[in-house]
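Reader: I have a model open and a few things to ask about its interior. Can we go through them one by one?
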Amino acid sequence: MSFLARLAAGAITLFARFITAVRAVWDGIEPVPRQRIYFANHVSHGDFILLWAVLPPRLREQTRPVAGADYWLKSSIRRFIGRDVFNAVLIDRDRKTRADDPIKQMADALDGGASLIIFPEGTRNETDNPLLPFKSGIFHLAKQRPDIDLVPVWIANLNRVMPKGEFVPIPLICTVTFGAPLRVESDETKDVFVKRARDALLSTSETVEGNA
Amino acid sequence: MMNEHQIDLLKLLGGLTAVLVLASLAGRLLKRKLSPDGTNTVIENLNDRVNAWWVMIILMGGALLFGRLGAILLFGFASFAALREFVTLTDTRRGDHWALASAFFIVLPVQYYLVYIDWYGLYSILVPVYAFLLMPIISAVRGDTDHFLVRVAEVQWALMICVFCVSHVPALLTLQIPGYEGRNLLLIAFLVVVVQSSDVLQYVWGKMLGRTKIAPKLSPSKTVEGFIGGALSATLVGAALFWMTPFTPFQAGLLSFVIVLMGFFGGLVMSAIKRDRGVKDWGHLIAGHGGFIDRLDSVIFSAPIFFHLVRYWWSLT
């Protein structure tokens, strides 16, 4: 990582901590440097920053968020943050225009030794529902690399910090809860696994204390 | 060249450091004897508390040695952290976004700036008058009427508790007491030491003799024995600190008693809010202590009363 990118990473995490005093709850796994796929709920562009910020530095260096190329390539600032600072795996979400297969891009990143942060809802949740239905990508990825743990991660309160359409964040305490890992069974169908993964994330959300 | 107040402050810090060294040693010893594998939660909690105390004393001492600006920045940040914890537990929603943003980024800094420039006439009414009237206006124009009264009341309470009350600690610096010029920082040290030693002594007395619960519904760890023992011994601590105040030993004891009472009942009020919200601590910022508000609650309730008592009877302004 270049010096400028390091500086930006430090400033972004410091700001995130100032606003959210974010805290990790390791409920189902330990913060050890093992390759993992973290899958989290998605309410804002700050989600992966919070998840990234609570990882210990050694894990952080090997963890790459998976994000939509349409958003993160739009301006040079976003490109710098997405590519240089967070080393994101940028995928094209539009089926019609895309050249690369997103699942293959993610599998390649895993083969390169990285852990991934994915948001299986596919888009930001702006409804009152705690979690949108999952897209099937998480199943295909799990099938491709069945020996890597999938860890549900619940990011609480960030939707209240910056509701859609606002640009001034409200300082509120956020937590990032890591739940028990799961893997796809060899005979598991797509629908069964996707439901199991979604339920695992929902039950991780229930361990969060308070009204979060 | 050291001022007189800095010398007194260093004396006090020296004394506190000695107490903490003793507490740390006792903690180590207890840990070795009773909890070598870290399983005795009471002792682990005690050691966490002592460690957090070190951090607090260092921060506090450092800030106070820097004078008024240091105190303003320290308590301004404490207000910010407290407000962040408080608002997290409220039912505020989308419609309160601008009200909350102005609470954090306008009311809070303005209040501390007014304390800094010593504009008593405005900092004593900024939150109770101006914020009180303007916040609900901001929320109302957003048009969300669901639970409106509850939400507006929550924001006002958050500001009163976390900003208005806390800012009365550095406001002690603005008092003009004849014969005590340039030493007001010691009033802050006096208030904080009395409040915190009352907390610690109540904890110690409660652990040693505590039998009768004083408010089982609110705070199961508070006992009559702990309260009486802690309050009386903290009053004595306060009286013994008269040399750094403009008070006689008797006056220092009396003021300490008021501080201790307000602190105790303040703790009960804040516990009631936590019960209502279904949480045990306000936050997790400080290991062994919970959040900022858990540490500040007794200061919050005693600071404005202490400020006004001293202002009425001792200050020229």
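Author: A definition to start with: a nonpolar core is a set of buried Ala, Val, Leu, Ile, Met, Phe, Trp, Tyr and Cys residues joined through side-chain atoms within 4.5 Å. Note also that this is a predicted model.

Reader: How many residues has the largest nonpolar core, and which have the most contacts inside it?
Author: The largest nonpolar core has 124 residues. Those with the most contacts inside it are Tyr38(A), Phe178(A), Ile188(B) and Phe306(B).

Reader: Take Phe306(B). What is it in contact with, leaving aside neighbours within four places in sequence?
Author: Leu172(B), Leu187(B), Phe190(B), Leu191(B), Phe247(B), Leu255(B) and Ile259(B). There is also a second, separate core, with 28 residues, including Ala109(A) and Ile138(A).

Reader: Cavities next. How many of 30 Å³ or more?
Author: A search of the whole structure gives 1. The volume of the largest cavity is about 40 Å³.

Reader: Which elements give two or more residues to its lining?
Author: Helices α8 (185–209) and α10 (249–277) of chain B. The lining includes Ile259(B), which is also a contact of Phe306(B).

Reader: And how do the lining residues divide?
Author: Into 4 nonpolar, 4 polar and 1 charged.

Reader: Switching to His97(B): buried or exposed?
Author: Buried, because its relative accessible area is 2% and the cut-off for buried is under 20%. His97(B) lies in helix α4 of chain B, residues 97–116.

Reader: What does its side chain reach at 2.7 Å?
Author: The backbone oxygen of Val168(A). Among the other contacts of His97(B), beyond four places in sequence, are Pro163(A), Glu166(A) and Arg142(B).

Definitions and conventions
Residues are numbered from 1 along each chain as its sequence is written. Chains are lettered from A and ligands numbered from 1 in the order in which they are written. This is a predicted model: local features need pLDDT of at least 70, side-chain atom pairs count only at pLDDT 80 or more; totals for chains, interfaces and linings use all residues. Side-chain values use heavy atoms; hydrogens and water are left out. Helices (H or I, at least four residues) and strands (E, at least two) are DSSP runs, numbered from the N terminus. Buried means under 20% relative accessible area, exposed over 50%, partly exposed in between (1.4 Å probe, protein chains only). A polar contact is a pair of N or O atoms within 3.5 Å; within protein, one must be able to donate a hydrogen and the other to accept it, and residues adjacent in sequence count only if both atoms are side-chain atoms. Contact means heavy atoms within 4.5 Å. On a 1 Å grid over the protein atoms alone, a cavity is a set of points where a 1.4 Å probe fits but cannot get out, and a pocket is an open set with protein on both sides within 12 Å along at least five of seven lines; lining residues have an atom within 4 Å of a point. Grid points are joined across faces, edges and corners, and a volume is the space filled by probe spheres set on the points. Ala, Val, Leu, Ile, Met, Phe, Trp, Tyr, Cys and Pro count as nonpolar, Asp, Glu, Lys and Arg as charged, and the others, Gly among them, as polar.
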